[in-house]
Amino acid sequence: MEHTDRNEDEEHVSDETHQEKHNGSAKTTADPFYVRLLFTPLDFVSMAFLFITLVPIRMVAAFIALTLAWAVSCIGLINIDQTVPVSGWRKPLQWISCFLGRICCRCCGFSVTLTGTQVSRSVAPVLVVAPHSSFFDALAIFWTGLPFIVNREENKNLLFIGKCVQFAQAIFVSRERRESREECKEEIKRRVNSTQPWKQFMIYPEGTTSNRKALMMSFKPGGFLPGKPVQPVLIRYHLKHDTVSWTWDQPHGFIACFMYTMCQLRNKVELEFLPPYEPSEPEQMDPVLFASNVRREMSNALGIPLCDMSYEDIKNEYSKKKKQ
């Protein structure tokens, strides 16, 4: 994307962002963490029918696909060198793993449509995905060609999924160790700036989940550190009931969220690829400014406000509500 005259505007944008931080969530007109599902009697009848007839078939199919993806990943991980991109006979195995991931998503009832055009790594090596509202957002990974991501160290050992994430060449980080976080940043920069054929790097930069009624907090700068072009990717769920959101203020938890979604005949989701965002020289030097400007552009494209509550603010507020 061409950003004409942006250099002249960046000081203004920086000041505007600073002002937004003081205003905080006053910019939002609705609580971005509030989710309540209001099903009608007919909805319950429909979900009960699908739970009895369709959900068992979906779960069996998803389990078979996940088991096959695990097996393929285990084979691909044999004597693998994770410091270089997957190549040779492992490459087709990665595509098989990606295809099986799509099957798992379809077994949850997801029907994914793509709008816009995903550019190649040579044009934009980083994909920035928002808004982040659910564990189901991981479907974006399978419809963008299995880009590498950052994942928590403990997820390496998750049953079935751990091997799949390793074979996708995720960068694992321990949030408790500062050394691990710094190593993660350096590895991101190394891969993104490398001339080797690494896949694109995908980030969900908000740092928490919401109900998609606001774009959350200042974007984490990790994906903006290399100073390379990024392509924003918008996730839009077109649902009768918001069964997918898994956030701070809702009475139902992970299992209910998963089952309610499985009990829908079809869950429409759209991945919209915006034009690549080419950073200016000041943005290349300042990843926070770069991230802030991309966040503002994505907010405008989504037509939703910004919410600048920090993770600590959110945690404190909703911890107090639970105690009341």
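What covers the buried residues of α2? I opened my notebook with that one, and I kept in mind that this is a predicted model.

**Entry: helix α2**

I began with the helix itself. α2 runs over residues 41-53, 13 residues in all. From its first C-alpha to its last I read 19 Å, close to the 18 Å expected at 1.5 Å a residue.

Next I looked up which of its residues are buried, and found Asp43, Met47 and Leu50. Seen down the axis of α2, these buried residues fall within an arc of 65 degrees, so they line one face of the helix. I then turned to the other side of α2, where Pro41, Leu42, Val45, Phe49 and Ile52 are exposed.

Back to my opening question: the cover over the buried residues of α2 includes α3 (55-76) and α8 (254-262).

**Entry: helix α3**

How far apart are the end C-alpha atoms of α3? They are 31 Å apart, which agrees with the 32 Å that its 22 residues should span at 1.5 Å a residue.

For the buried residues of α3 I noted Val55, Arg58, Ala62, Ala65, Ala69, Val72, Ser73 and Gly76. They cover an arc of only 120 degrees around the axis, which puts them on the same side of α3. On the face turned away from that buried side I found the exposed residues Ile57 and Val60.

I also checked what lies over the buried residues of α3. The cover includes α2, α4 (90-107), α6 (161-167) and α8.

**Entry: Ser194**

I picked a loop residue next. Ser194 sits in the loop between α7 (178-193) and β5 (201-203). Is Ser194 buried or exposed? Its relative accessibility is 15%, and the cut-off for buried is under 20%, so Ser194 counts as buried.

I then looked for a partner of its side chain. A polar atom of the Ser194 side chain lies 2.9 Å from the backbone nitrogen of Gln196.

**Entry: cavities**

How many cavities of 30 Å³ or more does a search of the whole structure find? It finds 1. The largest cavity has a volume of about 60 Å³.

I wrote down its lining too: Pro85, Val86, Lys91, Gln94, Leu146, Pro147, Phe148, Ala168, Gln169, Trp198 and Lys199.

Methods:
Residues numbered from 1 in each chain as written. Predicted model: local features only at pLDDT ≥ 70, side-chain atom pairs only at ≥ 80, totals over all residues. Heavy atoms only, no water. Helix = DSSP H or I, 4+ residues; strand = E, 2+ residues; numbered from the N terminus. Expected span 1.5 Å × (residues − 1). Buried < 20%, exposed > 50% of the residue type's maximum accessible area, 1.4 Å probe, protein only. Arc of directions from axis to C-beta. Contact = heavy atoms within 4.5 Å. Polar contact = N/O pair within 3.5 Å; in protein donor to acceptor, adjacent residues only side chain to side chain. 1 Å grid on protein atoms, 1.4 Å probe; cavity = no way out; pocket = protein on both sides within 12 Å on 5 of 7 lines; lining within 4 Å. Points joined across faces, edges and corners; volume = space filled by probe spheres on them.
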